[in-house]
Amino acid sequence: MIIEKELINKDSVEEVFNKGIDVVFQDEISGESLNFFPENCFTIILLDECDGGKCITGLNKYDLKAQQLFIHLPKREYRWDLSPATKGRRLIINDAILKTFSPTLKFTFSSYSKYEMIQPDDETYHRFSLEFNAIRKEIAADVVFPELINARVRLLALIINLWVEHAYGNKALSTPDNLAFRFHMLVDKYYKTQKNVAFYAEELCITPNYLG
């Protein structure tokens with residue numbers, strides 16, 4: 001379902017998710033609508049036209065410009081103040097899709113990541129815009145295929161991930177010193193066979209109490 005800024009609320013988002021579609025496309029944005037953030041979701045926001053405003057998060061304060069992309073991460077507060085002429089699009093994505101991401105993608109879209117705003121070059125912005133349009137087209141189709149929409153979201157996430165890697169280097173994504181990230185990597189690898197905290201603590205070279 002495609003939702004305009006005046007209609008975005010908890011009920012409208014849940015209505016879409018209850019139909020088995022894990023993505024809501026918001027065609028128009030405002031500061032008020034962006035400050036609404038449903039639980040168990042993450043969002044990707046693309047500012048197409050913008051001549052001012054600010055976004056304040058727990059990590060930083062951003063001066064808003066055209067062609068910025070924001071990742072609204074779980075467990076992080078955002079406060080938006082958009083100029084009236086701002087035009088943009090937002091994807092509200094059910095965490096169920098996040099569970100299908102690779103460990104590296106999961107980290108980029110988790111509360112551990114510090115890359116919450118991207119200022120891409122013109123070519124990369126165009127790629128982002130094309131993927132947003134493709135997702136919108138799939139959602140608006142007469143016959144909707146949820147898994148195809150989810151695949152489009154995963155592709156967009158991969159493009160974002162590759163851009164972060166290109167801009168900031170491999171360390172931005174691998175973060176080998178991040179204990180939480182390393183733990184998530186191990187869980188993704190061994191969750192089917194290993195349920196014991198002691199196993200993961202030994203792999204991380206820490207005590208089970210500390211891991212707990």
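Predicted model: local features only at pLDDT ≥ 70, side-chain atom pairs only at ≥ 80, totals over all residues.
Trainee: Let's start with helices. How is a packed pair described, in general terms?

Mentor: Two numbers describe two packed helices: the angle between their axes and the distance between the axes.

Trainee: At what angle do H5 and H6 pack here, and how far apart are their axes?

Mentor: H5 covers residues 122-140, and H6 covers residues 146-168. They pack at about 170°. Their axes are 9 Å apart.

Trainee: Are H5 and H6 roughly parallel or roughly antiparallel?

Mentor: An angle over 145 degrees counts as roughly antiparallel, so H5 and H6 are roughly antiparallel to each other.

Trainee: Which residues make the contact?

Mentor: Take H5 to begin with. Its side of the contact is Thr124, Phe128, Glu131, Phe132, Ala134, Ile135, Glu138 and Ile139. From H6 come Leu148, Ile149, Arg152, Val153, Leu155, Leu156, Ile159, Ile160 and Trp163.

Trainee: How many nonpolar, polar and charged residues does that contact have?

Mentor: The contact of H5 with H6 has 13 nonpolar residues, one polar and three charged.

Trainee: Now sheets. How do strands pair in general?

Mentor: Strands of a sheet pair through backbone hydrogen bonds, either parallel or antiparallel.

Trainee: In what order do the strands of the open sheet here run?

Mentor: The order is E5-E4-E7. These three strands pair in the antiparallel sense. From one strand to the next, the twist averages 10°.

Trainee: Which strands stand at the edges?

Mentor: E5 (61-63) and E7 (78-82) do. Each has a single partner strand, so one side of each is left without a neighbour in the sheet.

Trainee: And E4, how many bridges does it share with E7?

Mentor: E4 spans residues 53-57, and its antiparallel pairing with E7 runs over five bridges. Gly53 stands opposite Leu82 in E7. Ile56 has Arg79 as its bridge partner in E7.

Trainee: What is the bridge partner of Ile56 in E5?

Mentor: In E5, Ile56 is partnered with Lys61. The antiparallel pairing of E4 and E5 has three bridges. These two strands form a hairpin, with three residues between them.

Trainee: Where do side chains point in a strand?

Mentor: In a regular strand they alternate between the two faces of the sheet.

Trainee: On to single residues. Is Ser33 buried or exposed?

Mentor: Ser33 lies in helix H2, residues 31-34. Its relative accessibility is 2%, so Ser33 counts as buried. Its side chain makes a polar contact of 2.9 Å with the side chain of Gln26.

Trainee: Where is Phe37, and what does it touch?

Mentor: Phe37 sits in the loop between H2 and strand E3 (41-49). At 24% relative accessibility, Phe37 is partly exposed. Leaving out residues up to four places away in sequence, Phe37 touches Phe42, Thr43 and His72. Phe37 and Thr100 are 63 residues apart in sequence, and 21 Å apart in space from C-alpha to C-alpha.

Trainee: What is the phi of Asn40?

Mentor: Phi of Asn40 is near 60°, a positive value in a residue other than glycine. Asn40 is in the loop between H2 and E3. Its relative accessibility is 55%, so Asn40 counts as exposed.

Trainee: And what is the phi of Gln67?

Mentor: Phi of Gln67 is near 70°, again positive in a residue other than glycine. Gln67 lies in the loop between E5 and strand E6 (69-72). With a relative accessible area of 21%, Gln67 is partly exposed.

Terms used:
Residues numbered from 1 in each chain as written. Heavy atoms only, no water. Axes fitted to C-alpha atoms, helices over the stretch in contact; angles between N-to-C directions. Helix = DSSP H or I, 4+ residues; strand = E, 2+ residues; numbered from the N terminus. Parallel < 35°, antiparallel > 145°, perpendicular 65-115°, else oblique. Contact = heavy atoms within 4.5 Å. Nonpolar A, V, L, I, M, F, W, Y, C, P; charged D, E, K, R; others polar. Pairing = 2+ DSSP bridges. Buried < 20%, exposed > 50% of the residue type's maximum accessible area, 1.4 Å probe, protein only. Polar contact = N/O pair within 3.5 Å; in protein donor to acceptor, adjacent residues only side chain to side chain.
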